[in-house]
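Biologist: I would like to go through this structure feature by feature. Please give the general idea each time, and then the case at hand.

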Amino acid sequence: MFSWLQQLTPATNVAGPVLVAYVLLIVFLIVVLARILGNLMLKLNQPRVVGEILAGIALGPTLLGSNLSKVVAPVEARATVGVIATLGLILFMFLAGVEFDAERVKPKAKQASLLALLSVALPAILGFPVAQMMHTTVYAGPAGAEFLPFALFIGAALSVTAFPVMAHILMERGELNSPMGSLGVATTGIMSILMFLFIAFAGAVATSMASGAGFTNFLLTIVYIILFGLISWYGVRPFLNRVLPNTSTLTGNHMAIIFGGLVLYGLIAHQLKINALVGGFVWGMILPNAPELRKAIAAKVQDVALVFLLPIFFANAGFLADLKLITLQTLPVTLLVLAASIAGKFLAAIPARSFGLQWREVGFLGALFNTRGLLVLVVGLIGLELNIITNLTFSITVVVALATNLMTLPLLNLFSRTSETPQLVTAVSPTNEPG
């Protein structure tokens, strides 16, 4: 009945006013569809972000097919929407940094550092036996013919925890600054940096095997990141304490400093290969530790970040997924990767028992660590660009992302209901979303 739709020809060489029209159409479809599917997910007791991810998949090749998907969203328009999506992610991470109560993290800094290290290291180690079972031309690209870079990228995919999605869920539940929420956010904040360092390392290994210069570039990146952190904390942070007020009174000049720094930090983090989202979070963290100021900033950016721009990020990632590549033949490997992904994160949470936490609270942390959003696509895209993995492996990581997202909220609710110390986890209705 609708076969004529598949015969439509995607637009090519889209530019000028036509490009603007396509971008506005795509953004409109994403925002509306993300809100509809997000509301549906809430009724199903799932986080809204799952609906936002599904909105992108619904507009992508999985449901529409490659041809029709490009009719709706031409390649040139997707590139522009991708830039908007990146800005949305940076703004959300900035919001998470602004609303994060650093005072609650200080007592947990050592605990968070240990858990973050294990949450990256254990999945990375698990990546080697998993990669050994997958190391064929079906899953490994031409550059993945060498086992080491392929194994490192599988390990990187297993190590991903989506900080923005996890923070989004905690915000919706009203638990961002609860004791368990603070430990989870502190851990994943550190984990994000370690994770992207590991991804950079995997990329450096792949590059070094081709050119011999990868390790040199990686070491330079480490030095730059350390300098970036030191300058931010000891130089930029004191400067912001002088130029920004300690009250809720914000002028246009103040907001110009805040937004200008936000974009600059996203750019710096992007150039350092640790992803622009880390820059947004760092910028939010180094703002003056004045509750009234932070509350006023959050009020100004919350709706734009959560309702408008963030869904564009999640949906834009869905354009890249084609779940039709998953077949009965590839299902065992898909389940293997999913099992390794889940096991690695829960194993990494077990040492939290030594902090005095109950098993239920360890499970709560493991569920948080398993929240992957679609940031795993960052690993997949790098692997695809370097020809280390195939499109099928990329699609498997999307399945893992969706499955772990869907299981997060039910597990969090389970551990919250059965907790003997309910003051650690104060759950609220998932419909109580910010903005």
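Modeller: Start with contact, which means heavy atoms within 4.5 Å. In the protein chain, residues 24 or more positions apart account for 81% of the contacts with a separation of 6 or more. This is a predicted model, in which local features need pLDDT of at least 70, side-chain atom pairs count only at pLDDT 80 or more, and totals for chains, interfaces and linings use all residues. Residues are numbered from 1 along each chain as its sequence is written, and side-chain values use heavy atoms, with hydrogens and water left out.

Biologist: How many helices and strands does the protein chain have?

Modeller: Helices (H or I, at least four residues) and strands (E, at least two) are DSSP runs, numbered from the N terminus. The protein chain has 18 helices and 0 strands.

Biologist: What share of the residues of the protein chain counts as buried?

Modeller: Buried means under 20% relative accessible area, exposed over 50%, and partly exposed in between, with a 1.4 Å probe and protein chains only. Of the 435 residues in the protein chain, 55% are buried. For the surface, accessible areas come from the Shrake-Rupley method with a 1.4 Å probe, and for residues only the protein chains shown count as cover. The protein chain exposes about 18,100 Å², of which carbon and sulfur atoms supply 69%.

Biologist: Which residues have the most contacts inside the largest nonpolar core?

Modeller: A nonpolar core is a set of buried Ala, Val, Leu, Ile, Met, Phe, Trp, Tyr and Cys residues joined through side-chain atoms within 4.5 Å. The largest one here has 133 residues, and Phe94, Phe150, Trp283 and Leu365 have the most contacts inside it. Helix H14 (residues 291-318) gives the most to this core, namely 14 residues. Leaving aside neighbours within four places in sequence, the contacts of Phe94 include Ile258, Leu262, Trp283 and Ile297.

Biologist: How should I read a helix pair, such as H2 and H3?

Modeller: Two packed helices are described by the angle between their axes and the distance between the axes. Axes are lines fitted to C-alpha atoms, for helices over the stretch in contact, and angles run from 0 to 180 degrees between N-to-C directions. The axes of H2 (residues 16-43) and H3 (residues 48-59) come within 7 Å and cross at roughly 135°. Angles under 35 degrees count as roughly parallel, over 145 as roughly antiparallel, 65 to 115 as roughly perpendicular and the rest as oblique. H2 and H3 are therefore oblique to each other. Residues making the contact include Leu29, Leu33 and Leu37 of H2 and Val50, Leu54 and Ala58 of H3.

Biologist: What is the handedness of the crossing of H2 and H3?

Modeller: A crossing is left-handed if the near helix is turned anticlockwise from the far one by less than a right angle, and right-handed if clockwise. H2 passes H3 in a right-handed crossing.

Biologist: At what angle do H7 and H8 pack?

Modeller: Helix H7 (residues 109-134) and helix H8 (residues 147-159) pack at about 130°, with axes 7 Å apart. H7 and H8 are therefore oblique to each other, and their crossing is right-handed. Among the residues that meet are Val120, Pro123 and Leu126 in H7 and Phe150, Ala151 and Ile154 in H8.

Biologist: And H12 with H13: at what angle do they cross?

Modeller: The axes of H12 (residues 252-271) and H13 (residues 276-286) cross at roughly 140° and come within 7 Å. H12 and H13 are oblique, with a right-handed crossing.

Biologist: Is Thr187 buried or exposed?

Modeller: Thr187 is buried, with a relative accessible area of 0%, and lies in helix H10 (residues 179-211). Neighbours within four places aside, Thr187 is in contact with Ala112, Leu115, Ala116 and Phe369. Leu183 is also found in H10 and is buried at 3% relative accessible area.

Biologist: Why is helix H9 described as largely enclosed?

Modeller: In H9 (residues 163-173), 11 of the 11 residues are buried, so this helix is largely enclosed by the rest of the structure. Just after H9, Gly174 takes a positive phi of about 70°.
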